[in-house]
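Hello,

Here is the structure we discussed handing over. My notes follow below it.

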Amino acid sequence: LVDNIKDLMWVVDINGKIEFINAVVEEKLDYKSSQLIGTNFESILKEEVHSEDFLIHMMREDINEEDLIFIKANGEDEEIFSTSTKRIYSNGNVIQIQGVSRVITEERYIQDQLLEKQEIADTLNEISEILTQPEKLEVLLNHIVVRIERLLNPLICTIRLLDSENRLELK
């Protein structure tokens with residue numbers, strides 16, 4: 001059952017050493033299961049994730065669908081996994097942590113794209129509303145520049161108008 005599941009399943013001891021990891025790790029992260037047994041679980045997590053605090057966090061409470069960023073075997077590529085854990089007890093003491101991690105990298109990418117598109121639509125809507133206000137052109141353009149700067153975060157954002165003699169005028 002464990003080897004036929006599509007999710008990454010793993011077990012670590014109380015020191016964070018991997019005691020078991022299913023074969024899905026080869027497909028998803030390009031590691032062989034055997035090369036990870038005995039290594040520190042945090043060695044396959046993105047640097048900002050692994051800290052003593054994370055292991056303590058897993059020891060204190062079960063995690064439910066928390067995003068973890070795993071590093072692929074090439075050391076450069078990453079995959080985002082939604083991870084849930086359960087603590088395993090013996091005689092009232094935590095002895096292991098069992099985790100199930102599901103790849104959600106593409107899902108996160110799509111969510112980010114949707115958020116970006118929504119931000120663009122919101123900004124265009126704001127600009128459209130600004131253009132219908134009875135203000136001086138310079139005031140309207142200034143509001144538009146502020147919205148564009150907020151959306152695109154460019155190094156510089158200016159509007160140039162033609163003066164009465166058809167010369168570009170910086171505003």
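In what sense do strand β3 and strand β4 pair, and over how many bridges? The model is a predicted one, and in it β3 (residues 66-71) runs antiparallel to β4 (residues 78-90), with six bridges joining the pair. Six residues lie between the two strands, which form a hairpin. In the turn of that hairpin, G75 has a positive phi of about 80°.

β4 also pairs with strand β5 (residues 93-103), again in the antiparallel sense, over ten bridges. Here S90 has N93 in β5 as its bridge partner. This hairpin has two residues between its strands, and N91 in the turn has a positive phi of about 55°.

Next, the helix α4, which covers residues 105-131. Its 27 residues should span 39 Å at 1.5 Å a residue, and the C-alpha atoms at its ends are 39 Å apart, so the two values agree.

Which residues of α4 are buried? They include T123, I127 and I130. The buried residues of the helix pack against α5 (137-152).

L114 is also in α4, but this residue counts as exposed because its relative accessibility is 56%, where the cut-off for exposed is over 50%. Together with Y109 and I110, L114 forms a nonpolar patch on the surface. The accessible area of the three residues together is about 330 Å².

Regards

Note on methods:
Residues are numbered from 1 along each chain as its sequence is written. This is a predicted model: local features need pLDDT of at least 70, side-chain atom pairs count only at pLDDT 80 or more; totals for chains, interfaces and linings use all residues. Side-chain values use heavy atoms; hydrogens and water are left out. Patches are made of residues with over 30% relative accessible area and no salt bridge: like charges are joined within 9 Å, nonpolar side chains (Val, Leu, Ile, Met, Phe, Trp, Tyr) within 5 Å. Accessible areas come from the Shrake-Rupley method with a 1.4 Å probe; for residues, only the protein chains shown count as cover. A salt bridge is a side-chain nitrogen of Lys or Arg within 4 Å of a carboxyl oxygen of Asp or Glu. Helices (H or I, at least four residues) and strands (E, at least two) are DSSP runs, numbered from the N terminus. Buried means under 20% relative accessible area, exposed over 50%, partly exposed in between (1.4 Å probe, protein chains only). Two strands pair if DSSP finds at least two bridges between them. The expected span of a helix is 1.5 Å times one less than its number of residues. Contact means heavy atoms within 4.5 Å.
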